Amino acid sequence: MREKFGVLICVWIMLLGNCLGRFVVEENSLKVTSPGSIKGVYECAIGNFGVPQYGGTLVGTVVYPKANQGACKIFDEFDISFKSKPGGLPTFLLVNRGDCFFTLKAWNAQKAGAAAVLVADNQDESLITMDTPEDKNASAKYLQNITIPSALISKSLGDSLKKAITFGEMVKISLDWTESIPHPDERVEYEFWTNSNDECGPKCDSQMEFVKNFKGAAQVLEQKGYTQFIPHYITWYCPEAFLLSERCKSQCINHGRYCAPDPEQDFSKGYDGKDVVVQNLRQACFFKVANESRKPWLWWDYVTDFALRCPMKEKKYTKDCADKVIQSLGVDLTKIDKCIGDTEADEENPVLKAEQDAQIGKGSRGDVTILPTLVINNRQYRGKLDKGAVLKAICAGFQETTEPTICLSKVYMLCAPLFTNERNERVKSASLGIKIIPETF
């Protein structure tokens with residue numbers, strides 16, 4: 001089975017693997033409105049790719065293909081199209097789990113004209129998070145081009161939908177993301193769990209591309225007090241039995257307390273995991289010092305400048321290069337060095353200790369287990385790491401009528417595909433200078 005989903009990592013995976021913990025699958029609501037025999041509300045797990053319609057709903061009819069039911073091949077080979085006819089409802093494609101990556105199923109469905117893809121589980125189990133493939137050899141060209149939402153549904157619901165479709169009944173459903181992001185007040189709090197490593201393949205590339213593209217919007221939101229942003233970094237500890245091993249020594253700092261995997265997965269060359277931990281710590285300390293000087297948004301400048309000027313491939317992933325970037329931004333280098341402390345000392349580092357504590361979920365958030373991870377109002381974001389998609393999710397986190405101008409702008413509307421929701425109608429009409437009074441029923 002070539003599919004990947006979220007797994008919880010509690011100790012350094014390069015040594016021992018994983019352990020038990022609390023992983024929260026982010027869900028949205030699926031409402032079957034017809035046929036009457038299966039009418040009801042069901043839960044489904046949001047896929048960690050594509051663009052979930054945070055803050056809105058999407059209504060469509062479900063189609064289960066007669067061929068290519070796993071959606072592992074392009075539908076053109078079977079002369080099948082799911083494009084909606086003029087005036088018709090969007091098509092939600094129901095496919096079977098298994099035989100290929102979740103992302104490939106979504107991509108093939110999208111190319112065939114589907115507006116969303118529902119993956120029916122092939123076994124009775126709790127819902128899981130569908131994630132992007134980790135295999136570096138897997139084709140990643142299409143991953144960032146997936147724009148339709150995806151969801152995993154239970155085997156029992158999948159069987160019911162298939163049965164209804166087989167009997168010729170029209171299956172109409174509504175996918176609802178209105179409560180996927182809480183929106184309690186006029187400020188959104190969000191975290192970005194990231195990594196300074198730039199040699200981890202497609203995920204590192206897309207992560208850095210997102211940071212560069214989202215920087216402007218993030219800084220506007222932060223400078224005007226609409227959001228409170230905090231960057232975070234995952235580290236693992238080295239088990240006591242391995243503290244004297246060469247792997248622990250090369251991949252950890254502070255005597256095995258804080259570790260990261262080797263960037264190239266090759267212990268004989270290039271940078272070590274401990275180099276990544278130190279640069280992660282430097283970025284965390286940069287944010288701490290900048291935040292204390294009431295300029296937390298400078299973190300976005302530092303991270304993008306460091307990635308541009310200090311890449312691993314050019315052998316510039318060093319303290320000297322990082323210091324030059326810090327000095328160019330006018331942040332106190334002495335305070336940052338003091339924050340970093342002695343990475344060789346047999347003692348805890350307060351910043352990294354706090355980061356490890358923050359990895360453990362609180363309330364409804366769950367443990368952070370996937371890199372990169374965005375947490376908005378204490379809920380883990382699922383979907384494409386893209387400026388438009390993330391901005392839409394953040395805008396959905398504001399209490400209605402309190403959204404900042406950037407959420408009402410034409411730029412935002414261009415980034416956010418149309419979906420049905422009273423809030424979205426108000427946002428759209430505000431950008432056009434039209435006032436709409438919500439109907440009451």
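These legends walk you through several close-up views of one predicted protein model. Residues are numbered from 1 along each chain as its sequence is written, and side-chain values use heavy atoms, leaving out hydrogens and water. Because this is a predicted model, local features need pLDDT of at least 70 and side-chain atom pairs count only at pLDDT 80 or more, while totals for chains, interfaces and linings use all residues.

**View 1. How confident is the predictor, and where?** Let's start with pLDDT, the predictor's confidence in each residue, from 0 to 100. The protein chain averages 84, and 85% of the residues score at least 70. Confidence is highest in helix 7 (residues 319-328), at a mean of 98, and lowest in helix 12 (residues 422-431), at 40. Helices here are DSSP runs (H or I, at least four residues), numbered from the N terminus. Two stretches call for careful reading: the pLDDT is below 50 over residues 1-22 and also over residues 412-441. Beyond near neighbours in sequence, residues 1-22 have 76 contacts in the model, and residues 412-441 have 53. A contact means heavy atoms within 4.5 Å.

View 2. A salt bridge is a side-chain nitrogen of Lys or Arg within 4 Å of a carboxyl oxygen of Asp or Glu, and the whole structure holds 12 of them. Here K155 pairs with D159, with the closest N and O atoms 3.0 Å apart. Both residues sit in helix 2 (residues 155-166), four residues apart, which is about one turn of the helix. K155 is partly exposed at 28% relative accessibility, and D159 is partly exposed at 35%. The cut-offs are under 20% relative accessible area for buried, over 50% for exposed, and partly exposed in between (1.4 Å probe, protein chains only).

View 3. K215 belongs to helix 3 (residues 202-223) and D301 to helix 6 (residues 298-309), so the bridge ties together parts that are 86 residues apart in sequence. Is D301 buried or exposed? At 16% relative accessibility, D301 counts as buried, whereas K215, at 22%, counts as partly exposed.

View 4. The side chains of K319 and D337 come together at 3.5 Å, N to O. D337 lies in helix 8 (residues 333-340) and K319 in helix 7, so this pair links parts 18 residues apart in sequence. D337 is partly exposed at 29%, and K319 is partly exposed at 36%.

**View 5. A salt-bridge network.** Finally, look for R97, D121 and E125, which are linked in a network of salt bridges.

Technical notes:
Helices (H or I, at least four residues) and strands (E, at least two) are DSSP runs, numbered from the N terminus.
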